[in-house]
Amino acid sequence: MDIEAIVRPAYMSLNEHLTVRERTYQAVLQMILSGELAPGAAIDERALINRLDVSRTPIREAIGVLAKEGLVEIQPYRGFRVRRFSLKEVSDLYELRRALETFAIRLAVEHISNAHIAKLQAILNAGVDALEAGQMQAYGAHDQDFHELIAELSGNIALIDTLGRLSRQIQICRMIANKSPEFPKRAAIERDEILDALMARDADRAANLMDAHIIDVQQALLQQLSGNMDVANDGARRKAVPRKKQRD
């Protein structure tokens, strides 16, 4: 199978200048994010070598990077497995994410311009298009772009670096949460409200909305991981439709 066909989802254009190591990493990452390599699944090196038509070295290097990013577990004498997040690990990760991203959005309000608002709106519009088309991987990518741009607008390098180190774990958690039937539409609405607060340069409201949004993501994720429909908070079950907007 052609490695480029694996690396290139519908919403991404292939970077022709990626090295074999980088393309191998992207291919294995996409297998994890798509669920093809499910949480807890053993990673068969020989199968990956044959499928991606690469040597063992880039496979090992990709697995090493994914282990550092918290997506793969290295088990001595037993091989490699896709990480399975426990409920405690998810709770810990999202408590930290809440603190970091609410701080980031407060700082972002101080630096955000109308051009940034327009860029964020374009990201949200693309996300709604993907959601309506049922392209959940693309929807998740636009969601990630939205949060990453807000982090960048904070201007705090240490904060940006810390969120960057957590980004892959957050990304896989996001993909799990988006399996909930109702959550993706609800989350899109929540991001609209966050953008409204940013447009108004209301730091307190933006931070409160971001905090509530991340709590909602956490609850949807815990619901998916536990299989307990009662885990989700009742206040998050509103029925609405995300809207695409034109900003002046």
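This is a predicted model: local features need pLDDT of at least 70, side-chain atom pairs count only at pLDDT 80 or more; totals for chains, interfaces and linings use all residues.
Let's begin with helix H10, which covers residues 203–226.

Now look at what sits at either end. Asp202 caps the N-terminal end, with a side-chain oxygen 3.4 Å from the backbone nitrogen of Asp204. Just after the helix comes Gly227, which takes a positive phi of about 70°.

## H7 beside H9

Next, find helix H7 (residues 136–153) and helix H9 (residues 183–199), whose axes come within 12 Å and cross at roughly 25°. Angles under 35 degrees count as roughly parallel, so H7 is roughly parallel to H9. Their crossing is left-handed.

Which residues make this contact? From H7 come Met136, Tyr139, Asp143, Phe146, His147 and Ile150, and they meet Pro184, Ala187, Ala188, Arg191, Ile194 and Leu198 of H9. By class, these residues are nine nonpolar, one polar and two charged.

## H7 beside H8

H7 has another partner to explore: H7 and H8 pack at an angle of about 160°, and their axes are 11 Å apart. Because angles over 145 degrees count as roughly antiparallel, H7 is roughly antiparallel to H8. Here the crossing is right-handed.

On the H7 side you can pick out Met136, Gln137, Gly140, Asp143, Gln144, His147, Glu148, Ala151 and Glu152. They meet Ile160, Leu163, Ser167, Arg168, Gln171, Arg174 and Met175 in H8. This contact of H7 with H8 has five nonpolar, six polar and five charged residues.

## H2 beside H8

Finally, turn to helix H2 (residues 20–34) and helix H8 (residues 157–177). Their axes come within 10 Å and cross at roughly 40°. How are H2 and H8 set relative to each other: parallel, perpendicular or oblique? At that angle, the two helices are oblique to each other.

H2 brings Tyr25, Gln26, Leu29, Ile32 and Leu33 to the contact, while H8 brings Arg168, Gln171, Ile172 and Met175. Sorted by class, the residues of this contact are six nonpolar, two polar and one charged.

How values were computed
Residues are numbered from 1 along each chain as its sequence is written. Side-chain values use heavy atoms; hydrogens and water are left out. Helices (H or I, at least four residues) and strands (E, at least two) are DSSP runs, numbered from the N terminus. The expected span of a helix is 1.5 Å times one less than its number of residues. A polar contact is a pair of N or O atoms within 3.5 Å; within protein, one must be able to donate a hydrogen and the other to accept it, and residues adjacent in sequence count only if both atoms are side-chain atoms. Axes are lines fitted to C-alpha atoms, for helices over the stretch in contact, and angles run from 0 to 180 degrees between N-to-C directions. Angles under 35 degrees count as roughly parallel, over 145 as roughly antiparallel, 65 to 115 as roughly perpendicular and the rest as oblique. A crossing is left-handed if the near helix is turned anticlockwise from the far one by less than a right angle, and right-handed if clockwise. Contact means heavy atoms within 4.5 Å. Ala, Val, Leu, Ile, Met, Phe, Trp, Tyr, Cys and Pro count as nonpolar, Asp, Glu, Lys and Arg as charged, and the others, Gly among them, as polar.
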